[in-house]
Amino acid sequence: MDIIKRLTEELAVKKWQVEAAVKLIDEGNTIPFISRYRKEATGALNDEQLRQLDERLTYLRNLEEKKAQVLASIKEQGRLTDELRTQIEAAQTQVAVDDLYRPYRPKRRTRATMAKEKGLEGLANLILLQMTKRPLEEEALAYLSEEKGVSSVEEALAGARDIIAETISDEADYRTYIRELTLREGSISSEAKDENQESVYETYYHFTQPLSKMAGHRTLALNRGEKEKVLTVKIEAPTEKILRYLEKKVITRDNLRTTSALQDCIADSYARLIAPAIEREIRNLLTEQAEEGAIKVFGKNLEQLLMQPPIAGQTVLGWDPGYRNGCKLAVVDPTGKVLDALVVYPTAPKHQVRETKATVKKLIEKYNITLVSLGNGTASRESEQILVELFKEIPQKVQYVIVSESGASIYSASKLASEEFPDLDVGQRSAASIARRLQDPLAEMVKIDPKSIGVGQYQHDMNQKRLGEALGSVIEDVVNRVGVDLNMASAPLLEYVSGVTKTLAKNIVAYREENGRFTDRRQLLKVPKLGPKAYEQCAGFLRITGGKNPLDATSVHPESYAAATKLLKSLGYSADDIAKGGLRGISAKVTQPKKTAQELEIGELTLQDILQELEKPARDPRDEMPRPVLRSDVLGIEDLKPGMTLKGTVRNIIDFGAFVDIGVHQDGLVHISQMSDRYIKHPLEVVKVGDVVEVKVLNVDVAKKRIGLTMKL
């Protein structure tokens with residue numbers, strides 16, 4: 001297989017772009033580095049295209065490796081023909097290779113292999129080729145053998161039928177046809193094991209859906225229901241059509257003596273060997289497709305969550321609500337440093353509301369707190385009411401934001417949290433994390449296992465390795481797109497920088513703690529184990545504010561410093577002018593980009609990036625994202641009435657809709673049918689996590705805590 005040609009066709013790009021990208025990947029360059037600093041080489045392929053190329057490159061190379069192994073195995077058996085070699089080499093998927101290899105794969109002892117050991121293969125071939133001119137019972141007499149354990153005609157014919165059934169089952173073309181026909185015309189159904197049992201799977205107690213129309217979230221729901229022993233799930237295939245197809249393929253002669261026997265063999269082969277295998281394959285295929293779709297949605301949600309703009313310059317009170325063990329508070333200054341941490345008990349069983357208000361008033365006055373980051377967990381509702389009452393009693397203007405607590409408890413009990421906050425208990429660490437999530441969502445969220453952040457569906461049911469790799473790639477892309485302050489970043493954040501491993505991240509932090517602030521990017525080369533290759537990959541993404549070279553505060557790569565300096569000089573600027581807030585209008589001064597790029601010995605795309613960065617140094621792409629809704633009053637689910645119009649923040653997106661936080665501690669659901677007046681295939685076409693949207697209340701079920709919303713205003 002020509003892998004380059006295949007990738008070119010799949011990605012719909014030029015062959016030279018694929019060749020360049022593959023070469024760069026093979027040389028050990030990261031996707032963010034290639035995307036940002038090798039645009040000329042790849043024709044400006046973006047992160048998403050490069051990730052897809054890298055994933056498919058790995059798959060296709062593994063496919064070629066598998067073909068080589070299969071060919072070697074069959075050749076070793078002395079059964080490799082030119083026709084079979086051609087079929088294997090032309091196979092486009094690993095499933096196709098498996099189908100072709102099936103007859104030659106070393107088998108465990110089956111009924112067919114035991115029959116062959118008894119010398120019955122000749123009788124099976126006689127029946128299969130439909131050559132017999134005598135009754136089958138007479139033909140079977142020649143295969144009776146006490147020594148081989150064939151003592152009767154019935155035993156001989158049964159063994160021959162087993163061999164024929166397995167031969168039919170092993171035919172690759174038959175399997176391909178049956179699989180495709182079942183996917184096209186079959187259906188999947190589920191039934192409840194106990195109809196009287198109440199569960200979240202009641203929708204699937206009597207469920208049938210054509211396989212061709214099966215939605216990913218339904219597949220994952222059926223899988224979970226089956227795993228929890230609530231549902232029984234099965235594939236319904238067009239059995240009659242499949243049997244007629246097999247009979248047409250297998251029974252090629254009009255021989256009354258063999259036709260009936262072959263029909264029995266076909267029915268047995270399909271029911272006992274083919275159908276169960278095809279059902280497993282289709283269930284696996286549906287699961288893989290559902291997981292792939294869910295992982296993409298999860299990744300997109302995570303990307304938008306990480307891209308939420310930081311709320312800079314404010315002292316924030318993090319509030320982790322609770323009952324018996326109290327509400328944990330942490331005051332965090334604008335740099336993320338914890339100034340104070342304590343516990344208050346305004347909720348049951350102590351109800352120390354007055355004492356809590358007095359404590360929080362003192363904190364607001366002492367630290368000039370302007371914002372409260374309130375966790376959305378247990379006792380959040382009661383805490384919110386206390387805060388709103390308090391805000392009405394004080395002269396200072398303080399607002400609050402309800403923040404998702406997902407993963408905060410996991411982080412607060414981690415080794416990393418204990419190293420960051422050795423003097424705080426687990427609850428206070430959680431409060432500090434909740435506060436920092438507002439100040440810089442990206443820097444705080446990278447400390448948490450992305451699977452625990454809670455912006456996906458069925459994440460615990462899918463392939464954890466694939467999910468982890470996909471979400472890791474999302475974080476890597478976002479971190480490098482935003483850039484990292486070399487003198488502020490934690491080790492968990494540095495780990496996601498291009499070319500920086502866990503060990504290097506720890507070494508960078510250790511070097512900084514021992515030697516003080518970095519003042520020059522080239523100091524990175526003094527970090528233990530950080531060599532020239534790692535420096536090349538990471539330098540452009542690590543920023544130094546107030547360093548020796550103003551270009552170190554930008555995303556201009558050190559390899560382009562000479563060109564950038566020369567460009568500045570030719571336009572009447574110096575590097576020091578960058579630190580004054582950017583060189584507005586510098587792009588307009590370059591009237592002949594092609595000629596300028598040639599003079600600077602760089603590509604035009606690199607020149608454009610340099611100019612863009614010089615105009616607005618270290619621009620934060622998160623600034624363009626919608627900001628969180630700041631609140632100063634409280635609303636409960638019982639206050640909601642159909643027809644009310646509210647503003648809310650999209651918290652999570654799933655295949656069939658989006659959950660929107662409208663400030664009542666219970667996210668409302670906007671079903672996909674209520675998102676737009678036009679037809680949409682997926683909610684991501686309309687909204688993304690973090691979007692601030694206007695919604696209207698459709699219905700409210702207080703008992704079940706369900707809120708139906710619409711965006712069709």
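Contact here means heavy atoms within 4.5 Å, and helices (H or I, at least four residues) and strands (E, at least two) are DSSP runs numbered from the N terminus. The structure is a predicted model, in which local features need pLDDT of at least 70 and side-chain atom pairs count only at pLDDT 80 or more, while totals for chains, interfaces and linings use all residues. Residues are numbered from 1 along each chain as its sequence is written, and side-chain values use heavy atoms, with hydrogens and water left out.

The axes of helix α5 (residues 47-76) and helix α7 (residues 94-101) come within 10 Å and cross at roughly 10°; axes are lines fitted to C-alpha atoms, for helices over the stretch in contact, and angles run from 0 to 180 degrees between N-to-C directions. This makes α5 roughly parallel to α7, a term for angles under 35 degrees, with over 145 counting as roughly antiparallel, 65 to 115 as roughly perpendicular and the rest as oblique. On the α5 side, the residues in contact are Tyr59, Asn62, Leu63, Lys66, Lys67, Val70, Ser73 and Ile74, and they meet Gln94, Val97, Asp98 and Tyr101 of α7. By class, this contact of α5 with α7 has six nonpolar, three polar and three charged residues. In this scheme Ala, Val, Leu, Ile, Met, Phe, Trp, Tyr, Cys and Pro count as nonpolar, Asp, Glu, Lys and Arg as charged, and the others, Gly among them, as polar.

Arg105 is partly exposed at 31% relative accessibility, and Asp98 is partly exposed at 23%; buried means under 20% relative accessible area, exposed over 50%, and partly exposed in between (1.4 Å probe, protein chains only). Glu27 and Lys23 form another salt bridge (2.7 Å, N to O), with Glu27 partly exposed at 40% and Lys23 exposed at 52%.

A further salt bridge joins the side chains of Glu226 and Arg283 (2.7 Å, N to O). Glu226 lies in helix α13 (residues 216-227) and Arg283 in helix α15 (residues 256-306), so the pair ties together parts that are 57 residues apart in sequence. Arg283 is buried, at 14% relative accessibility, whereas Glu226 is partly exposed at 30%. Asp99, Arg102, Arg175, Arg179 and Glu281 are linked in a salt-bridge network.

Turning to the aromatic rings, the whole structure holds seven aromatic pairs. Rings of Phe, Tyr and Trp (its six-membered ring) pair if their centres lie within 6.5 Å; planes under 30 degrees apart count as stacked, over 60 as edge-to-face and the rest as tilted. Tyr174 and Tyr245 are edge-to-face, because their ring centres are 6.1 Å apart and their planes stand at 90°. Phe33, Tyr37 and Phe541 form one aromatic cluster.

Most residues other than glycine have a negative phi, and most peptide bonds are trans. A cis peptide bond, with omega about 5°, joins Ala348 and Pro349. Gln130 has a positive phi of about 55° and is buried, with a relative accessible area of 3%.

How values were computed
A salt bridge is a side-chain nitrogen of Lys or Arg within 4 Å of a carboxyl oxygen of Asp or Glu.
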